[in-house]
Amino acid sequence: MVAVPDQLRRTSFAATERRDLWWVAPLAQGLMLAVFICYANWAAFQGRYYRVGGYLSPLYSPLIKPAWFPYSPALLILIPPVLFRATCYYYRKAYYRSYFLDPPACAVGEARGKGYRGETAFPLILQNLHRYLFYITLFYLPFLWHDAYEATWFAGSFGIGVGTLVLLANTVALTLYSLSCHSCRHLVGGNLDCFSCSQFNQTRHTLWKGASALNEHHMLFAWLSFFSVCSADLYVRLVAAGVITDLRLL
Ligand code: FES
């Protein structure tokens, strides 16, 4: 391996030979992420207007309301999904670039001091917990699918409203986001030396190919699912508060 001379390796902050608008993507992503994060935090702290009829905001699902907890029930169940998203490989890339400018973009100089060890030292080494957070948040999916089912019942009779479709779209987006996670690929196809050695391994290979195909679109699912969670909460909130009326389609 050829050693890179020090004078070539060091660049000043934001120095680059790129001539394109490299700063547009981190700026836009940072702004969009800030909007979603602010809205989700605000909605989680409200503690009201999260349920109406069969509709339940995904920020409050699964709904747990113990008598000893006087605050918003969302605060009890949101910690694993929030940490799951915060340690997601895609979001790491987005906020490292947009908020820490580390680096601001590919082939653009960063402001990095001596002794930087990235994700190999505390606190960023905690990002490695992502795999375990994936296992935990997998348990949320059946609850979300159950919520989508519950959203098809109106005073005991089956039906479909705009809210049903909003909640269903959100559940699909969150499922795709989870199944396209890098940790999902590892779960279904990792730690194998031979894919063809047994029927079970061949099945895992098939699942791994499916997870890999979804993984190619992980960034898209990351944005879609964050947008859908906030939109679904907003829709339920507006209907519950009486600001808008849910339209029955069926
Ligand atoms: S890598 Fe994004 S959710 Fe796992």
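**Exercise 1.** Find which helices the buried residues of helix H9 pack against.

*Solution.* Step 1: take H9, residues 182–189. Helices here are DSSP runs of H or I with at least four residues, strands are runs of E with at least two, and both are numbered from the N terminus. This is a predicted model, in which local features need pLDDT of at least 70, side-chain atom pairs count only at pLDDT 80 or more, and totals for chains, interfaces and linings use all residues. Residues are numbered from 1 along each chain as its sequence is written, and side-chain values use heavy atoms, with hydrogens and water left out.

Step 2: list the buried residues (under 20% relative accessible area with a 1.4 Å probe, protein chains only; exposed is over 50%, partly exposed in between). In H9 they are Ser-183, Cys-184, Val-188 and Gly-189.

Step 3: look for contacts, meaning heavy atoms within 4.5 Å. The buried residues of H9 pack against helix H6 (130–138), H8 and helix H10 (199–215).

**Exercise 2.** Is Asn-191 buried or exposed?

*Solution.* Step 1: locate the residue. Asn-191 follows H9 and is found in the loop between H9 and H10. Its phi is positive, near 60 degrees.

Step 2: apply the cut-off. The relative accessible area of Asn-191 is 75%, so Asn-191 is exposed.

**Exercise 3.** State how many residues of H5 are buried, and name the helices they pack against.

*Solution.* Step 1: count. Of the 10 residues of H5, 7 are buried, and the helix is mostly covered.

Step 2: name them. They are Tyr-90, Tyr-91, Arg-92, Ala-94, Tyr-95, Tyr-96 and Ser-98.

Step 3: find the partners. The buried residues of H5 pack against H2, H4, H6, H8 and H11.

**Exercise 4.** Classify the ring pair of Phe-36 and Trp-223, and say which parts of the chain the pair ties together.

*Solution.* Step 1: recall the rule. Rings of Phe, Tyr and Trp (its six-membered ring) pair if their centres lie within 6.5 Å; planes under 30 degrees apart count as stacked, over 60 as edge-to-face and the rest as tilted. The structure holds 22 aromatic pairs.

Step 2: apply the rule. The centres of Phe-36 and Trp-223 are 6.2 Å apart and the planes stand at 55 degrees, so this pair is tilted.

Step 3: place the residues. Phe-36 belongs to helix H2 (residues 24–46) and Trp-223 to helix H11 (residues 218–240), so the pair ties together parts that are 187 residues apart in sequence. Both Phe-36 and Trp-223 are buried.

Step 4: widen the view. Phe-36 and Trp-223 belong to one aromatic cluster, which also includes Tyr-90, Tyr-91, Tyr-177 and Phe-226.

**Exercise 5.** Which rings does Arg-85 lie over?

*Solution.* Step 1: the test requires NZ of Lys or CZ of Arg within 6 Å of the ring centre and within 35 degrees of the ring normal.

Step 2: Arg-85 lies over the face of Tyr-177, 4.4 Å from the ring centre. The charged end of Arg-85 also sits over the ring of Phe-226, at 5.0 Å from its centre.

**Exercise 6.** What is the secondary structure of the chain, and what share of its residues is buried?

*Solution.* Step 1: the chain has 11 helices and 4 strands.

Step 2: buried residues make up 39% of its 250 residues.
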